[in-house]
Every structure is written in structure tokens, then in C-alpha cells.
Amino acid sequence: MTTLDDARALLAEFPVVDGHNDLPWALREQVRYDLGARDIAGDQSAHLHTDIPRLRAGGVGAQFWSVYVRADLPDPVPATLEQIDCVRQLLARHPEDLAPALTAADMERARAQGRIASLMGAEGGHSIADSLGTLRGLYDLGVRYLTLTHNFNVAWADSATDEPAVGGLSAFGREVVREMNRLGMLVDLSHVAATTMRDALDATSAPVIFSHSSARAVCDHPRNIPDDVLERLPANGGVAMVTFVPKFVLQAAVDWTAAADENMRAHGFHHLDTTAEAMKVHRAFEETHPRPVATVATVADHLDHMREVAGVDHLGIGGDYDGTAFTPDGLGDVSGYPNLIAELLDRGWSRTDLAKVTWRNAVRVLGAAEDVARDLRATRAPSNATLESLDG
Amino acid sequence: MADLQDDLRPATEVGRADEPYPEEAVIVGPEAYEPVSDPDDTPLTRARAVLAAHPVADGCSGLPWVLRRLPWYDLELGESAVEADVPRLRGGQVGAVFWSLRLPEGYEGDRAVGTTLEQLDLAKAVVAAHDQGLRPARSAGEVADARNCGRVAVLFGPAGAAALGDSLSVLRSLHTLGVRVLTLTGTSWAGAAGLTRFGDEVVREMNRVGMLADLSHASAPTIQRVLTISKAPVLFTRSAAHALRPHPANLPDELLTEVGEAKGLCMVPLTAEQTGPAVRDVADHLDHVRDVAGAECVGLSGTFDTGSAHPQELSDTSCYPRLVAELLRRGWEEADVALLTWGNVQRVLRGADFAAHTAQQRRPPSTATIAALDG
């Protein structure tokens with residue numbers, strides 16, 4: 001048996017819980033939710049990172065589908081409901097492969113049935129429009145984590161990739177965390193500023209997740225997790241799900257992206273501009289400066305470090321497939337997870353530890369959030385706090 | 001189908017197993033109505049007896065919007081700040097009530113959808129906090145279940161059409177969250193000129209998921225179009241007879257006739273503005289709607305807690321027996337009263353369920369967008 005066979009055997013028993021997949025957004029952008037035009041029951045490798053055969057090949061046993069919407073849309077709340085509807089349609093179309101899951105028990109049941117447990121996570125506080133009622137509406141529709149911000153700040157929380165404004169979480173931001181604890185919705189700290197991570201860890205009474213973030217000590221990018229935050233995970237009980245996005249995990253790619261952004265600004269464009277003219281400038285840069293390539297080993301380096309700092313009970317995987325244009329070699333789509341597991345086996349990770357990384361930690365965290373919610377609901381009524389009442 | 005039935009009744013016996021099939025099919029007609037009151041009693045006593053068997057299903061309550069700004073209330077024990085607390089719902093022999101999630105004028109997009117989600121969240125929290133009196137219901141079967149448990153069934157809706165944010169996905173999400181009625185006014189696709197192509201698609205998708213159309217305050221072209229294309233019965237959650245009182249939301253006789261033919265349901269509001277200042281005015285409207293549309297197409301809409309002024313002696317939700325007594329005094333058959341208070345709403349809710357079951361065999365979820373259909 002090769003190590004890859006060992007990896008596959010391990011995944012057959014303890015499949016991957018992936019923290020973040022942007023398939024719904026890709027379906028919205030590519031075919032406006034015409035699910036027949038991108039039938040994931042068959043091969044969609046020409047258009048998508050994700051389809052059911054490749055999820056199966058990748059040993060995926062549970063997927064948090066991201067119901068992300070862009071923060072600069074005029075109406076993020078209805079757009080989020082559209083994304084949720086998209087996931088529900090996917091589940092209705094593929095009942096033999098995708099199992100609706102709301103709880104840790106649902107995840108275990110799906111694993112026993114050989115189906116892929118399907119959960120939902122919302123990405124960015126803009127999806128609740130500063131309203132705890134809307135937050136509860138999303139929970140009722142099945143959303144089980146909320147990333148507190150996306151690339152830009154919200155009124156009550158700072159993003160990692162925006163100018164500091166609140167300095168972490170505001171009073172209302174802490175109330176959002178408390179209400180999520182009461183509901184049993186996981187607090188996701190990917191994308192948020194380190195100050196927000198620390199404030200959220202102070203405010204939460206349930207384990208948190210990082211649905212797709214890697215280690216800042218390995219690769220200095222604001223989207224990654226600083227060591228002092230990783231060190232707090234054992235006390236909190238949460239899980240940091242390592243992401244594969246090259247421009248976050250490979251220092252050469254971080255530097256290259258910085259140079260490319262600088263080049264865009266020099267030509268008078270915003271660095272995230274995706275208009276045709278801006279893309280032309282970007283392609284010209286790419287022709288003269290080859291894009292650095294991350295590998296499976298790059299991601300494994302992050303996991304090695306995160307295990308040192310946070311411990312093996314607090315690691316997971318969040319590929320960000322269909323949410324990133326580029327992927328590492330060997331992790332080109334959702335069928336790539338066995339390559340990562342094989343790399344870790346080669347590095348001497350035990351089967352017991354890998355089962356925690358792939359399956360057990362994430363399931364434990366969701367279950368723990370449910371337990372906390374059960375206790376809190378007994379004593380705390382739904383919060384009706386508003387942004388105005390708490391933050392003035 | 002037992003869960004869709006109002007009352008469980010033993011199957012009618014049409015022959016023993018060892019008998020040969022009868023030559024002609026045996027058609028079991030609708031069961032005759034069995035009176036529950038003594039005709040010699042006073043009308044009010046009779047009204048209470050009829051309502052005990054056939055409680056009021058009230059087509060519109062504005063409670064969620066009132067509670068939004070009301071601190072420290074308790075509906076369980078009686079709450080003077082509202083017109084419909086649990087003791088008065090029980091006193092009025094109310095068995096089911098639609099809680100309006102309607103929005104103030106001018107809400108659209110994020111604000112409309114977000115506010116509707118907040119209203120719905122509040123409504124659910126209020127129902128959950130009063131579980132000795134209230135129970136949420138999403139279908140005719142659940143309404144009957146709530147009644148069998150001695151609870152007042154609360155149905156969520158009507159919501160404003162703006163709550164869809166012009167998206168059929170949002171329609172499906174709201175249905176998933178429990179909304180069952182949507183008022184088709186005040187959007188670009190359901191305005192004064194009637195339904196656009198996207199509006200048609202909204203109605204078809206509402207049929208598919210089992211969301212009832214409320215056409216009170218809708219324009220005449222919208223009403224006619226929905227009556228034509230809807231496979232499920234339609235509701236008017238607050239419309240009286242235009243012939244008696246020319247209010248814009250009241251229905252002229254031609255439309256009432258069409259509603260009768262389509263087996264829709266016109267729920268007459270207890271507001272001084274639309275029906276008149278006295279119990280007899282409301283009864284006049286009920287008489288008129290019954291005569292024009294038919295006894296199967298008339299219902300009641302309390303419109304309590306909507307800010308409307310109510311007729312004298314009908315000031316809160318405990319007053320329904322007085323209204324029913326007036327109808328009995330006028331010689332309404334008990335069977336017609338039973339339809340008015342309870343039976344017709346159950347029929348319409350069942351109709352929505354059946355239409356949805358049928359449409360789901362035939363149509364996948366619609367992916368239409370307003371941009372594609374209305375350009």
C-alpha cells in the first residue's frame with residue numbers, strides 16, 4: 001500500500017469536514033442558480049472546483065456550504081436568502097449524496113449513511129443587516145455559522161483586510177456573539193481582524209471556528225491567525241480550519257500579490273477591480289512575473305505549526321474551493337484532500353491525530369455549541385438589542 | 001390524508017368485503033351538517049354553542065407590529081395595551097388567527113426583507129412565550145392539531161409583497177420560515193396595471209410552494225389575473241362589500257361574483273371605516289357577500305391591533321359571539337355560520353396544500369428572475 005492508499009482508507013472512516021466551500025456563489029455567478037446547467041451529479045471540472053464525484057473522490061464527509069454574498073450588494077439580506085435557497089435546492093436534487101445536517105448528530109448520521117452532511121455558513125456580518133431578528137431568521141433557515149465580517153468592516157466588527165474602526169468588537173458585536181451562543185450558531189473568526197478575534201474569544205461562551213484560515217507565523221498575511229490567538233484555542237475548545245488559498249499560505253505568493261496590487265494602483269485601478277481593463281493590466285503583470293505556486297507541503301507546514309501552537313484537538317480543514325481562483329499543486333479541487341492526508345502521514349502524523357483533523361474536531365465543536373445553547377436558552381430570552389441601543 | 005382533515009370521521013361503510021362490487025358506483029355525498037345549538041335558546045347562547053364547535057378563524061391581526069414597540073407585555077394573563085390577548089381570544093372563541101407581517105409603505109429591498117424577518121422572528125418568539133394559549137401552524141392539519149390541543153393556531157402572514165425583494169428564492173425561504181400568505185400589492189410586478197410576467201411567475205411559484213395570495217387592496221387587474229391563473233384559492237384578508245360602503249379595499253359585486261366562482265374567500269373586516277359603525281353594519285356586509293359570492297366564500301377578519309377603529313360592541317377579539325348572535329337572529333343557517341367562522345378558512349388552507357402537492361409533481365422550483373421576465 002502506498003501512503004495515498006493509507007490516506008484514502010483513513011478518509012473512508014473519518015472523512016473530511018470542510019469548513020468553507022463557495023459553490024453556491026459560483027452557481028449564482030455562472031448560471032444564476034440554474035442548477036441543471038451545472039449538474040454537480042456529473043463532472044463539472046471545466047467550470048467548478050466542486051461536484052459530487054470529486055467530493056466522493058476527495059473523501060469529503062461533511063461540507064459547510066457558504067451562503068456568502070458580496071458586502072457591496074445593495075441588498076445583502078435577500079441575496080443571502082437566495083443563497084440559502086440554492087443550497088436547499090441542491091440538497092433536494094441530490095438526496096442520495098447530500099444529507100441536510102443541522103447538528104453534530106446529523107453529521108454522524110450522514111457519515112453512517114455514507115452521505116455528505118451538508119451544513120450552511122454565512123460569510124460576513126453584512127448578511128444580518130445589524131439585526132438579531134435577521135440573525136435568528138438565518139438560524140431558522142439552517143445557517144450554523146456566521147463569519148463576523150468579510151473583507152470589509154461591519155459597523156460592529158473590524159475585518160482583517162480593512163482599516164481598524166471599532167478596534168475589535170463593539171458592544172453590539174459582543175451581543176451578536178452572545179446571541180449566536182444562545183442559538184447554537186458557531187462564531188466564525190476567519191476574515192476578522194486579530195483584535196476582533198481576541199474580543200470574540202473574550203465574549204463567547206461556546207467554542208469558535210476559523211472556517212478557512214491558516215497560521216500567520218508561517219505566512220504573514222492578515223487573513224491568517226496569529227499565534228497568541230491559536231494559543232487560546234485549547235481553553236476555548238474551538239477549531240482552526242486550515243485554508244489552501246495560495247495568496248494566504250505561501251509567503252512568495254503573498255509578496256507577489258502585494259507587488260501585483262501595487263502595479264494595479266500604479267495604473268490607477270483599485271487592487272480588487274475585476275473590470276476588463278483592470279484584468280488586462282493584471283494579466284500583463286502576470287506575464288512578466290510568474291505566479292508562485294503553493295504545494296501540498298505548504299499547507300502541511302501550516303498544520304505542523306498550528307499543531308505545535310494550538311494542539312491537534314483544535315485543527316481542521318477549510319479549503320475555500322470555488323471561492324478562490326488559484327489553488328496549490330495537488331489540491332486543485334475537492335478531490336485533492338487525500339494528497340494532504342498522505343503528506344501528513346509521511347510527516348509522521350498518527351492516524352488518531354488525523355481522524356481528529358479531518359472529522360472529530362469539527363463535529364465536536366458543533367456539538368459543544370449545541371450544548372452551550374441548550375444551557376443558555378434555559379435562562380436567557382432572545383436578545384432584542386439593536387445597534388443604536390448598544391453602540392449609540 | 002388524515003392530517004389534512006378537519007375532523008376525523010369513521011369511513012362510510014359502502015358494503016361488506018364478501019359482497020360483490022355494486023353495479024353502480026356509490027357516491028358518498030358531503031355529510032349533512034348536524035346542528036349543535038338548541039333553536040329555542042337565545043341567539044347569544046346559540047352563538048356560543050356554534051362557536052364552541054366551529055371557532056373563529058380570524059383573517060388578520062396586526063399584533064406583531066404592535067408588540068414590536070411594546071415593552072413588558074404578557075398576553076397570557078390579559079394585556080390592556082392590545083386588542084387580542086389570550087383571555088380575550090378565548091372569550092371570543094377564536095380558534096385560529098392570521099398574524100399580519102405587513103410593512104409600512106415605502107419599504108423595499110433589504111429593508112423590506114430584513115424587517116419581515118424581524119417581524120417573523122418576533123411573532124415566533126411571542127407564540128413560543130405563550131405556549132399555553134398559542135401554537136404556530138403552517139397548514140390546515142396543523143391548525144386542526146392546535147385546536148385539538150386547545151390552543152389558538154397562529155398562521156404567519158399576510159406578509160407584504162415587497163418582502164420578496166423581487167426574488168422567488170426569497171419567496172421559498174419565507175415559506176420555509178413559515179409564512180403562508182402574501183399580499184400582492186405595492187411592487188413593480190403587482191401594481192395598478194396588474195401582474196407583469198414576473199408577477200405571473202410569482203403566483204405560479206406561490207401555488208407550487210403553498211403560499212396563499214391575499215388580494216385585499218390589490219388593483220382590479222391584479223385580482224382578475226390572479227383569479228384566472230391561480231390553482232389555489234385566493235384570500236381577501238380585509239375586504240367588505242363595495243355596494244354597501246365604497247371603500248377602495250371593498251369589492252364591487254362583479255368581483256365578488258368572480259371570487260365566488262373561483263371559490264376564493266372574502267374576509268370581512270370589523271372596521272368602522274370599511275364596514276360601518278355598528279354590529280348590524282358588519283352583518284349587512286356579511287349578508288351581502290354571502291348573497292353575491294356564496295356562503296362558501298365569506299369569512300371574518302378581526303383587523304384587531306391594526307390601528308383601525310372598530311364598530312361599537314366589536315372593540316376587541318372577545319366580541320365575536322355578539323356578531324354571530326346577530327347573524328343567527330337574522331336567520332343564518334347554523335351550517336353557513338360554521339362555514340363563515342371556521343370551515344371556509346380550513347377549505348382554503350387545504351386547497352393551498354393540495355395545489356402545492358400537485359404543482360410539485362409538475363414544476364421544478366422556478367429560477368426566473370425579474371430582470372429576465374420584466375426586463
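These legends accompany close-up views of a predicted model.

**View 1. Overall fold of chain A.** Chain A holds 17 helices and 9 strands. Its radius of gyration is 20 Å, close to the 21 Å that the globule rule gives for 392 residues, so chain A is as compact as a globular protein of that length. Along the principal axes, the C-alpha atoms of chain A fill a box of roughly 55 × 55 × 45 Å.

**View 2. Burial and contacts within chain A.** Of the 392 residues in chain A, 54% are buried. Contacts were also sorted by sequence separation. Among those between residues at least 6 apart in sequence, 74% join residues at least 24 apart.

**View 3. The contact between chain A and chain B.** Chain A puts 22 residues into the contact, and chain B puts in 21 residues. On the side of chain A that touches chain B, two or more residues come from each of helix H4 (76–93) and helix H6 (132–140) of chain A. H4(A) gives the most to this side, with 8 residues. By class, the side of chain A that touches chain B has 10 nonpolar, 5 polar and 7 charged residues.

**View 4. Strand E1 of chain B and its partner.** Strand E1 of chain B covers residues 56–61. In E1(B), 6 of the 6 residues are buried, so the strand is largely enclosed by the rest of the structure. E1(B) pairs with strand E2 (residues 94–101) of chain B. The pairing is parallel and runs over 4 bridges. B:Val56 stands opposite B:Val94 in E2(B).

How values were computed
Residues numbered from 1 in each chain as written. Chains lettered and ligands numbered in written order. Predicted model: local features only at pLDDT ≥ 70, side-chain atom pairs only at ≥ 80, totals over all residues. Rg over C-alpha atoms; globule rule 2.2 N^0.38 Å. Buried ≥ 20, exposed ≤ 12 C-beta atoms within 10 Å, placed from the backbone. Contact = placed C-beta atoms within 7 Å. Nonpolar A, V, L, I, M, F, W, Y, C, P; charged D, E, K, R; others polar. Pairing = 2+ DSSP bridges.
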